[in-house]
Amino acid sequence: MGTSVTKSAPIPCGSKSYGWVTDPSRLSHEKPYRRNSGKAFLFCYNMGVEEKPMKKEKCLPLRMLKLTSSKYPSAWSEIESARENRNWPDWCYVPINRCLTITMASQANVFQQVQDAVLMSALAPWRISKEIYVFDNELANDLYSQPLDKLPTVVFERLPFPAIYIQAPGLGVNGFFVSREYDVKNKAVELRFTFCNNTAEAWPAFIAYDSASTIKEAVDKMSLGRENPRLFDMVKKAMQLTLYLCTGNPEVRPRQNRFKRPTSHPKDSYREIRTWDVGLRYGAAIKQYKQTNKTHAGSHTGKRPHYRRGHFQHYWRGPRNGKRTLEFIWIDPILVNADKVDGELPAVIHEVKDND
């Protein structure tokens, strides 16, 4: 039996209820719901797990992965078996349609069957690599203002992994999974986003882009902008972050010095997760510029230092009548009147922590 969700109502997480977010305002950070017994329960994105206290994991994606594994113990082995005789493209790890056959066998509620399958299709490929990208605030804010007019949709084929988890400011959530999806029924290609807040609730959205020549054209076809403006804004921001990681020159740097690559049989441990810092040096340079800008404010000694905005750039390489390859890069901002800035770019200090 389902439980209706409103903005103020807590979402039970028992075996007969679900916690899928139906109100986008619920994506803000909320406290865990407590029963009269005093036990704390997670808002488990329609997990429907047994009502018992859980040890909080160090990161949200891993927590959601273990909740799914607890509810569908055989899910990952069933997906691997299905992949051996798959009827979908190799680039798609597993379509939602195939995950739906798993959830339908264990779940009577149709709404929950679909929502569990959506999350499962995002977690399945992420589970193999377990990559998390954390964006610098300055870089993320610059990316959000980028135009999409002429960018071809084929750039989405350059995702660094089949599925990744991205964290960045300005989204109003903990982060989101992103992966490419193949709609088996309609033979369509989609870019899938699954937004997650700190209480393990999730909110899906997608862009069907194979029938569009540019990303702007694909976005303009979305009805989401009219139906849910807030979620639509989140999708556009998430897409800009994703595009940056699809470029040929993203500024990424692994955070840990100790990392255990998942094997063909992942143990789903925290040590299998690799976290990448994105744009640290970019952010340090922008912060230095802003400080310098304040120093030169009110000065009449000439035009003060300023940045020419960074932007995406793409071009095709190869003969017009032959095979051509797309070059897609990010052009960093250019500092004008740099001789007025004292010193060099600031050093970026990386704190090394043991993951054990």
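Reader: Let's start in the sheet. In which sense do β3 and β9 pair, and over how many bridges?

Author: This is a predicted model, and in it β3 and β9 run in the parallel sense, joined by five bridges. Two strands count as paired once there are at least two bridges between them, so five is enough to call this a pair. You can pick out individual partners: Tyr133 is bridged to Trp276 in β9, and Glu131 is bridged to Arg274.

Reader: What makes β3 and β4 a pair?

Author: Here there are three bridges, and the strands run parallel. The cut-off is at least two, so β4 (residues 163-167) qualifies as a partner of β3. Val134, for example, has Gln167 as its bridge partner in β4.

Reader: What is the strand order of the open sheet?

Author: The sheet has seven strands in the order β7-β6-β5-β4-β3-β9-β8, and its pairing is mixed. From one strand to the next, the twist averages 25 degrees.

Reader: Why are β7 and β8 said to stand at the edges?

Author: β7 (202-208) and β8 (252-254) each have a single partner strand, so one side of each has no neighbour in the sheet.

Reader: Why is β3 described as largely enclosed?

Author: Count the buried residues: five of the five in β3 (residues 131-135) are buried, so the rest of the structure largely encloses the strand. Both faces are covered, with Glu131, Tyr133 and Phe135 buried on one side and Ile132 and Val134 buried on the other.

Reader: Why is Arg274 called buried?

Author: Its relative accessible area is 17%. Arg274 sits in strand β9 (residues 274-278). Leaving aside neighbours within four places in sequence, Arg274 is in contact with Lys130, Glu131, Ile132, Phe161, Gln256, Phe259 and Arg261.

Reader: How do you know that the buried residues of α2 are on the same side?

Author: The buried residues of α2 (residues 75-84) are Ala75, Trp76, Ile79, Ala82 and Arg83. They cover an arc of only 120 degrees around the axis, which puts them on the same side of the helix. The buried residues of α2 pack against α1 (60-71), α3 (96-106) and α4 (110-129).

Reader: And what puts the buried residues of α3 on the same side?

Author: In α3 the buried residues are Ile96, Cys99, Ile102 and Thr103. Their arc is only 115 degrees around the axis, so they too fall on the same side of their helix. They pack against α2, α4, β5 (175-183) and β6 (188-196).

Reader: Which members of the largest nonpolar core touch the most other members?

Author: Phe135, Phe193, Phe195, Leu241 and Leu243, out of 89 residues in that core. Helix α8 (residues 229-246) supplies the largest share, eleven residues. As for Phe195, its contacts beyond residues up to four places away in sequence include Phe176, Trp203, Leu231 and Met234.

Reader: How many helices and strands does the chain have?

Author: Nine helices and 13 strands. Of the 356 residues in the chain, 49% are buried.

How values were computed:
Residues numbered from 1 in each chain as written. Predicted model: local features only at pLDDT ≥ 70, side-chain atom pairs only at ≥ 80, totals over all residues. Heavy atoms only, no water. Helix = DSSP H or I, 4+ residues; strand = E, 2+ residues; numbered from the N terminus. Buried < 20%, exposed > 50% of the residue type's maximum accessible area, 1.4 Å probe, protein only. Contact = heavy atoms within 4.5 Å. Core = buried A, V, L, I, M, F, W, Y, C linked by side-chain atoms within 4.5 Å. Arc of directions from axis to C-beta. Axes fitted to C-alpha atoms, helices over the stretch in contact; angles between N-to-C directions.
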